2 protein chains.
Amino acid sequence: MTVERRAGSKGARTRTAILDAAEQIMSEGGYAAVTSRSVASRVGVNAGLIHYYFPTIDDLFVALIDRGADVNTQRLARALASSKPLEALWKLNSDRRGVSVLDELMAATHHRPALREQVTAQAERLRGVELAALAELLPQYGIDVERFPPALVAATLQGVALLLARQGNLGVSTGRNDAIAAAEAAIADLEAARHTSGHS
Amino acid sequence: MTVERRAGSKGARTRTAILDAAEQIMSEGGYAAVTSRSVASRVGVNAGLIHYYFPTIDDLFVALIDRGADVNTQRLARALASSKPLEALWKLNSDRRGVSVLDELMAATHHRPALREQVTAQAERLRGVELAALAELLPQYGIDVERFPPALVAATLQGVALLLARQGNLGVSTGRNDAIAAAEAAIADLEAARHTSGHS
DNA sequence: GTCTATATTGAGATAGAC
DNA sequence: GTCTATCTCAATATAGAC
């Protein structure tokens, strides 16, 4: 369905610009604000052109999901390979714009089955990578993976960060600074206690 | 704006039915699926009537937020007063339909300023109640409130539950059962270790 | 309180010119 | 590859009959 062009061509540039605009609009005004017209006007092209690259709006959303997943795959790999993986994961998950876009995508899946499939597949794939890495890392922190399996640690890191980011986006302030400070202190403690056997 | 009627009157019943229908539709098809037509058809009335009770669709959403906050205030109070508060909070936060509705509301706030204000205010109020109660409860669990302040515990309980509920709704299965089992075991441990001084 | 009818607006999508 | 023009549909909202 989607029009593919070799990188660097004019088509590829316009296509990228459309995706960029759509993502921006989504994070600012919600997924419902992403329309052929709104995207076209931000890109500075005609509305009809959007349908040239993405025949249906669902196609646009699917492309957005795939691109986002690719970017996140790279960020995740970098975080997991860094010298302070838990801290890096925390920062990654705390990105307010990212949380905002994710919230929108989740909501969008509720009435677009095609998106639902795509989000599920990509989430499953990303989670798999993360869990495999955490299974190796957690013992280094002295974390008992029987009591705190990778899946729980991943859910905690992401869940807490998501909630606090969401509160930040909303403007909810009650206790937020306390929670952030304590979370970061706890993570710093863990990083300090980590002992990497071997010499990577 | 909104039409108020004494409880039990015909108007009050219709109004309630409209809110019920809207909430259901929102959890099934997303907030964008909530239209005067869809709500009216589910209630079994004419679309024009929706605007009699809620002049604008925003009014409907605001009423939905307020009602949801009221219900949650009661549930929260009951959970906090129960014999196993942390476990009760966990269950409360794990409600998949609730998470789904909350996700939708969050998304809806992105392009409706009136909703944003309302959600923020209600969230702030609810959080205040929860934090005050946790400040008293946590010491009973032997939790050091300096390291794990109420706001962090609240965010953790809600964040983890939200993430896992979301994965359940999506159909993401990787590691989900592990995480749930471990989370519930950890909470059970805490409840077992709790010692309530006094004789409530 | 509820309905019918309708005005208005904006969205998705397509055809065809350039 | 991009634009203009246009079709079709559905949503919000209002007016007025019953």
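Author: Happy to. In this predicted model, the contact involves 48 residues from chain A and 48 residues from chain B.

Reader: Nice. What area is buried between chain B and chain A?

Author: About 3,900 Å², with carbon and sulfur atoms giving 63% of that. On the chain B side, B:His110, B:Arg166 and B:Leu170 supply 16% of the area buried against chain A, more than any other three residues.

Reader: And how many salt bridges are there across the interface?

Author: Four are found between chain B and chain A. B:Arg147 forms a salt bridge with A:Asp189, where the closest N and O atoms are 3.6 Å apart. There are also 15 residue pairs in polar contact between the two chains.

Reader: Which element gives the most to the side of chain B that touches chain A?

Author: That's α8(B), with 14 residues. By class, that side of chain B divides into 21 nonpolar, 17 polar and ten charged residues.

Reader: Switching to voids: how many cavities of 30 Å³ or more?

Author: Four. The largest cavity holds about 50 Å³ of space.

Reader: Which residues line the largest cavity?

Author: From chain A, the lining has Ser100, Asp103, Arg166, Asn169 and Leu170. From chain B come Met106, Thr109, His110 and Arg116.

Reader: Which helix gives the most to that lining?

Author: α8(A) does, with three residues. The lining of the largest cavity has two nonpolar, four polar and three charged residues.

Terms used: Residues are numbered from 1 along each chain as its sequence is written. Chains are lettered from A and ligands numbered from 1 in the order in which they are written. This is a predicted model: local features need pLDDT of at least 70, side-chain atom pairs count only at pLDDT 80 or more; totals for chains, interfaces and linings use all residues. Side-chain values use heavy atoms; hydrogens and water are left out. On a 1 Å grid over the protein atoms alone, a cavity is a set of points where a 1.4 Å probe fits but cannot get out, and a pocket is an open set with protein on both sides within 12 Å along at least five of seven lines; lining residues have an atom within 4 Å of a point. Grid points are joined across faces, edges and corners, and a volume is the space filled by probe spheres set on the points. Helices (H or I, at least four residues) and strands (E, at least two) are DSSP runs, numbered from the N terminus. Ala, Val, Leu, Ile, Met, Phe, Trp, Tyr, Cys and Pro count as nonpolar, Asp, Glu, Lys and Arg as charged, and the others, Gly among them, as polar. Contact means heavy atoms within 4.5 Å. Buried area is the accessible area (1.4 Å probe) that two parts lose on being put together, summed over both. A salt bridge is a side-chain nitrogen of Lys or Arg within 4 Å of a carboxyl oxygen of Asp or Glu. A polar contact is a pair of N or O atoms within 3.5 Å; within protein, one must be able to donate a hydrogen and the other to accept it, and residues adjacent in sequence count only if both atoms are side-chain atoms.
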